[in-house]
Amino acid sequence: MSNYADNIRNIAIVGHASKGKTTLCEALLNVAGKTERIGKVADGNTVTDFDPEEKKRKISINSAVASAAYKNKTVNIIDTPGLFDFAMGSAEGLRAADTAVIVVSARSGLAVGAEKAFKNAGSRGLARIFVTTKMDDDRADFYKSFNGIVAKFGTQVCPIVVPVISDGKVKAYYNMIDGKTYEYNGTSKKETDQIHDDQGRFDAIKAVFAEAVASTDEELMEKYFEGEELTKEEKIKGLRIGVADGSIIPVFALSGITGEACDLLLDFITDVCPSPASEYAADANGEPVELTPDDNGPLAAVCFKTVADPFIGKLSYFKVISGKITASSPAFNASTGNEERMGKIIKTFGAKQIDASELCAGDIGAITKLGGFETGDTLCSPNCIVKLDGVTVPTATYKMAIKAAKKGEEEKVASGLSRLCEEDPSLTFTNNTETHQQIIAGLGEQQLDVAVSRLKDKFGVEAELESPKVAYRETITKKVTAQGRHKKQSGGHGQFGDVFIEFEPFDTEKLVFAERVVGGAVPKNFFPAVEKGLNECMEKGVLAGYPMVGVKATLFDGSYHPVDSSEMSFKMAAALAFKEGISNAIPVLLEPIVTLKATVNDEAMGDIIGDINRRRGRVLGMTPNSDGTQEILAEVPDSEMTTFSTSMRQITQGRGSFTTEFARYERVPEHISQRIISEANNE
């Protein structure tokens, strides 16, 4: 088997927003010699935050890949956004990575985004590393952050690089692997004999490391119990085992802003972190097949990210699981069964594109102009069709209506949004034919705000967001009869139609039409016209113009004229009967009710239930989960759900999630009904 993949390290930098992920990427790239200086997010000059929206907002919005060579290894660094609105970027990075570097601020400690990243990386079976950054800050407290991580994730948490603190300040960093202390000036270091203020705590944390490493291997454990010091090579051996199987979760102290101790993390990534591993895929018959990272194996690569740009065209990012992508490789899509011509192969360094002759097993790169590929699709050989796991797409829960700022540009908005949805599958765009609105859904307000900005910048069309209309219905609550008589004389043939119709509530979506006419009062050939007239009226109710449901209409009498009666006459007569009858049948407004399934942390459960009650919801039950969360099942009016996504995030601090599904229609309370009717009639 080719061992090229042994020299590849795919690393996703993940965690909570504003904790230093992009700055850490800058430091690692600088240590690897790829940049002359460490860029700053505030200055808009970082390698991985190159999008105009990222520079404007000073946040990461997209995942970005920057490759660097270090110690004869290829390190593919994937910077991911930390804001929950842009969780798709984190999902992309975790799909392509073999190791997740979870960034925690030593100033503020463990945050929700880091907890979620840890869980998501674990569900993919990735190696995980914690980095406590911002150690240059006077308010940084490594031990408080470390203890918080241990309290949350247990004893497998293991210190690797810890700060040496003297007079309350970080003076140097101690590396557990080589047992040396280093003093830093920026990214350059020198050995020092600096002593820790609290030697007892320092010795205790070194003992935690030694025991964790020794416990991964019987030989190491035996040596440890005999009181012998483990060599650097033995420590690396134990760490490789523990990091790969998850029994060791390493923790590093460093500063991304200054670059202090970032070289020790990069050394660890190349020396200890796992190279790309085998994956299982489904073959053409749906049977599992193991794919090893072998250049000579069958081609299989997963598209983990898509960029749709109107100027440079489509860019598809791939992680090669098996085989090799070359210019002559047929670009066969296992999802669609279609084959395309291979585009240009490139490696990326943020916005910079570097031509490549091939992408080998285990590596990450991009291919231009593959129009038929979407995020999650598998590129493989047509002679060996396999389908790999795609990217876990977060569920869009925040919906808004979007409209063109200028009339006549609706098609431009739709076209631009379709392209943006290609880039970000967590963004969805639909046309609601009932409310005649274009609906955009995503993970939060900022994601939708960015989408509107990109529509203008990328596609030259301005759009506005507004609250989506609710698809109300109207129905009747009383049985009535009504006459509809249409008579018109204008010389020559006139128009005459006369019907008596009984209207009654009925459990149905569409109109149920029946007849019990006797004696030919209304000829049978006019029945379809009566039914058609009623069906057309059902499209617009008498209260607020919403569609009617739950109505049965029975034609039971009428009269006709042998010359003047026509289909149109009876259609008009039916409409008159409908208007009179429905108005007298005590019409009411109905609203859509959705079934809400919300997963929340225990401490937030009471507040979430209170929020559901305030939205006129009914809690149906609660089920505890094994991970310390609860699933709440409730029914809530759809009209009250517009801001629930924001409330859920605030109350649960981002830990909660939910899904909704249409359940049924229910009568709107009278005081709310009057307001809705008034608003509809004033439009």
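**Close-up 1. Three strands make an open sheet, in the order 12-11-23.** Pairing in this sheet is antiparallel, and keep in mind as you look around that the whole model is predicted. Strand 12 (288–291) and strand 23 (386–387) sit at the edges with a single partner strand each, so one side of each has no neighbour in the sheet. Zoom in on strand 11 (residues 279–283) and you'll find four bridges tying it to strand 12, with the two running antiparallel. For a handy landmark, look for Tyr 280, which stands opposite Glu 290 in strand 12.

**Close-up 2. Strand 5 is tucked away on both faces.** This strand covers residues 127–133, and seven of its seven residues are buried. On one side you have Ala 127, Ile 129, Val 131 and Thr 133.

**Close-up 3. Leu 24 and Phe 268 touch the most other members of the largest nonpolar core.** This core counts 82 residues. Its biggest giver is strand 6 (residues 157–166), which puts in seven residues. Here's the general idea behind a view like this: in soluble globular proteins, nonpolar side chains tend to be buried together. Now follow Phe 268 and skip its neighbours within four places in sequence: its contacts are Ile 129, Ile 160, Ile 177, Leu 239, Val 243, Pro 250, Phe 252 and Cys 273. There's another core lying apart from this one, made of 29 residues, including Val 499, Val 522, Leu 555 and Ala 585.

**Close-up 4. Helix 14 packs against helix 15 at an angle of about 160°.** Helix 14 takes in residues 605–614 and helix 15 takes in residues 644–652, with the axes 10 Å apart. An angle over 145 degrees counts as roughly antiparallel, so that's how helix 14 lies relative to helix 15. Their crossing is right-handed. Who does the touching? From helix 14 it's Asp 607, Ile 608, Asp 611 and Ile 612. From helix 15 it's Phe 644, Ser 647, Met 648, Ile 651 and Thr 652.

Conventions. Residues numbered from 1 in each chain as written. Predicted model: local features only at pLDDT ≥ 70, side-chain atom pairs only at ≥ 80, totals over all residues. Heavy atoms only, no water. Pairing = 2+ DSSP bridges. Core = buried A, V, L, I, M, F, W, Y, C linked by side-chain atoms within 4.5 Å. Buried < 20%, exposed > 50% of the residue type's maximum accessible area, 1.4 Å probe, protein only. Contact = heavy atoms within 4.5 Å. Axes fitted to C-alpha atoms, helices over the stretch in contact; angles between N-to-C directions. Parallel < 35°, antiparallel > 145°, perpendicular 65-115°, else oblique. Left-handed = near helix turned anticlockwise from the far one by under 90°.
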